[in-house]
Amino acid sequence: MRAAARRGRAAPAARDSLLVLLFLCLLLKTCEPKTANAFRPNILLIMADDLGIGDLGCYGNNTLRTPNIDQLAEEGVRLTQHLAAAPLCTPSRAAFLTGRHSFRSGMEASNGYRALQWNAGSGGLPENETTFARILQQRGYATGLIGKWHQGVNCASRGDHCHHPLNHGFDYFYGMPFTLTNDCDPGRPPEVDAALRAQLWGYTQFLALGILTVAAGKTCGFISVSGRVVTGMACVLFLFFISWYSSFGFVRRWNCILMRNHDVTEQPMVLEKTASLMLKEAVSYIERHKHGPFLLFLSLLHVHIPLVTTSAFLGKSQHGLYGDNVEEMDWLIGKILNAIEDNGLKNSTFTYFTSDHGGHLEARDGHSQLGGWNGIYKGGKGMGGWEGGIRVPGIFHWPGVLPAGRVIGDPTSLMDVFPTVVQLAGGEVPQDRDPSEARPLTPDSEPLYHAVIARVGAAVSEHRHTLSPVPQQFSTSNILWKPWLQPCCGHFPFCSCHEDGDGTPRMPGL
């Protein structure tokens with residue numbers, strides 16, 4: 001395991017030297033060191049997408065029904081100051097997978113694009129990054145990822161799969177190499193680069209109007225211009241249109257796909273059956289590896305927009321479509337936990353539940369809220385300066401090892417999950433903190449305001465000198481859609497297939 005200095009984390013040596021389970025045992029004083037080393041447990045990591053900390057019953061919500069997650073907390077340990085490393089999907093998940101801040105791997109940006117935008121972009125989690133999956137794989141674990149990846153696919157060619165999960169320590173992958181967006185639902189407005197797309201469409205219309213005006217003027221004799229000029233202008237317009245429409249006009253087909261290992265199985269994916277497919281894959285993985293040990297990272301597509309929810313849950317919650325999707329997510333988690341118990345693995349499985357960041361407050365459909373609730377915490381997804389963007393649920397469960405109903409108020413992070421879990425800070429949480437960030441600090445209210453700002457500035461400057469230059473994975477050249485990198489089922493650009501019940505991809509017309 002790499003040392004703290006090499007990983008770029010200013011943390012006590014214990015953080016890098018203790019296994020997650022051993023540290024948790026010592027922290028909670030529930031077992032001796034030899035207990036954690038007596039056998040290697042199965043590890044089930046469940047991550048929701050865009051879930052607010054205030055959306056769960058065990059975190060104070062009394063209007064949404066989340067009985068399975070609540071039971072997980074009742075039987076295990078609940079963290080109340082659990083923080084994501086970033087308020088957006090790609091950088092937060094990069095930090096979660098590697099145990100270090102995403103800016104050290106080039107997976108974060110403070111301006112421009114802040115997350116990956118295309119399956120066919122060349123940016124992604126660098127090959128030299130070490131994930132917890134790779135460490136467990138080297139220790140003899142079966143390592144599976146089911147669900148969302150959003151860490152890139154290819155670097156230089158369509159099949160190199162340099163950023164693919166199977167190149168980062170997972171030996172099985174089924175799910176979305178990208179992420180859900182409104183573009184995945186034909187009935188929703190566009191989301192990926194929506195503003196730029198509208199701008200390009202506006203330019204196209206403006207240019208088309210200009211060319212039509214010139215052509216009409218020539219026909220009517222008002223303008224003396226050759227036909228070749230008009231034809232040339234039309235050709236230029238067509239090339240301009242094709243240059244952007246070939247990517248933005250087919251976002252659903254390019255981004256909304258399912259893969260099994262290295263193969264595309266659905267392009268575009270059928271959203272209505274995705275939840276059942278994920279559940280089937282997760283249960284099957286548990287059954288195949290019940291003799292263990294296994295790592296299963298269940299990276300849920302719930303509760304990201306467009307909130308595709310099965311009919312069994314539509315209209316059943318008190319909070320519209322978002323609430324329906326949350327309650328369906330809880331049901332799905334319950335089925336996974338039942339599979340663990342039915343296979344006799346409950347007492348030998350370490351389970352963890354969280355969200356990648358705070359709820360998406362701006363997600364709305366007219367007057368309807370389509371994003372989560374972050375409780376008393378100000379801000380949400382994309383707002384790293386406020387607590388609501390990074391405060392997330394954190395629940396650990398391991399019957400017979402971790403005490404039931406324990407609540408820990410010490411600061412923790414998604415980056416502490418594996419290879420380490422929690423660090424005990426000691427003492428009570430200060431009762432004069434301002435978790436809702438409702439009272440801004442000013443020079444008038446804080447006598448040491450300027451001194452503190454100067455000290456923080458000096459620390460930031462010193463910290464920046466420790467950073468080594470790395471390729472920026474969100475640069476324009478990496479983000480741009482590239483036809484030669486697009487995962488494709490069939491012959492490009494006619495990519496289309498659907499999976500039969502026997503798991504065999506079928507092309508249309510076959």
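The paragraphs below go through a predicted model, beginning with a pair of helices and ending with some backbone features in loops.

Two packed helices are described by the angle between their axes and the distance between the axes. Helix 8 spans residues 194-219 and helix 9 spans residues 227-248; their axes come within 10 Å and cross at roughly 165°. Since angles over 145 degrees count as roughly antiparallel, helix 8 and helix 9 are therefore roughly antiparallel to each other. The crossing of helix 8 with helix 9 is left-handed. On the side of helix 8 the contact is made by L196, R197, L200, W201, Y203, T204, L207, A208, I211, V214, A215 and K218. Helix 9 contributes G227, V230, M233, A234, L237, F240, F241, W244 and F248. Sorted by class, this contact of helix 8 with helix 9 holds 17 nonpolar residues, two polar residues and two charged residues.

A pair of aromatic rings is described by the distance of the centres and the angle of the planes. The whole structure contains 23 aromatic pairs. In the pair of W201 and W244, the ring centres are 6.1 Å apart and the planes stand at 70°, so the pair is edge-to-face. Because W201 lies in helix 8 and W244 in helix 9, the pair ties together parts that are 43 residues apart in sequence. The two residues can also be described by their accessibility. W201 is partly exposed, with a relative accessible area of 40%, whereas W244 counts as buried at 6%. Both W201 and W244 belong to one aromatic cluster, which also includes W118, F241, Y245, F248, F250, W254, W481 and F492.

Helix 6 covers residues 89-98. Helix 6 is mostly covered, with 10 of its 10 residues buried. The buried residues of helix 6 include C89, P91, R93, F96 and T98. T90, in helix 6, is buried as well, with a relative accessible area of 0%. Leaving aside residues up to four places away in sequence, T90 touches M107, A115, L116, H150, Q151 and F474. After helix 6 comes G99, which has a positive phi near 75°.

One of the residues touched by T90 is H150, which sits in the loop between strand 3 and strand 4. H150 counts as buried, at 4% relative accessibility. The phi of H150 is near 60°, a positive value in a residue other than glycine. V153 is found in the loop between strand 3 (142-148) and strand 4 (172-176) too, and V153 is buried, with a relative accessible area of 1%. Beyond residues up to four places away in sequence, V153 touches N119, D160, H161, C162, H163, H164, P177 and P487.

Other loops also hold backbone features. N261 is not a glycine but has a positive phi of about 55°. N261 lies in the loop between strand 5 (258-260) and strand 6 (263-266) and is partly exposed, with a relative accessible area of 22%. A cis peptide bond joins H302 and V303, with omega about 5°; V303 is in the loop between strand 7 (294-299) and helix 12 (320-342). Another cis peptide bond joins I305 and P306, with omega about 20°, and P306 is placed in the loop between strand 7 and helix 12.

Note on methods. Residues are numbered from 1 along each chain as its sequence is written. This is a predicted model: local features need pLDDT of at least 70, side-chain atom pairs count only at pLDDT 80 or more; totals for chains, interfaces and linings use all residues. Side-chain values use heavy atoms; hydrogens and water are left out. Axes are lines fitted to C-alpha atoms, for helices over the stretch in contact, and angles run from 0 to 180 degrees between N-to-C directions. Helices (H or I, at least four residues) and strands (E, at least two) are DSSP runs, numbered from the N terminus. Angles under 35 degrees count as roughly parallel, over 145 as roughly antiparallel, 65 to 115 as roughly perpendicular and the rest as oblique. A crossing is left-handed if the near helix is turned anticlockwise from the far one by less than a right angle, and right-handed if clockwise. Contact means heavy atoms within 4.5 Å. Ala, Val, Leu, Ile, Met, Phe, Trp, Tyr, Cys and Pro count as nonpolar, Asp, Glu, Lys and Arg as charged, and the others, Gly among them, as polar. Buried means under 20% relative accessible area, exposed over 50%, partly exposed in between (1.4 Å probe, protein chains only). Rings of Phe, Tyr and Trp (its six-membered ring) pair if their centres lie within 6.5 Å; planes under 30 degrees apart count as stacked, over 60 as edge-to-face and the rest as tilted.
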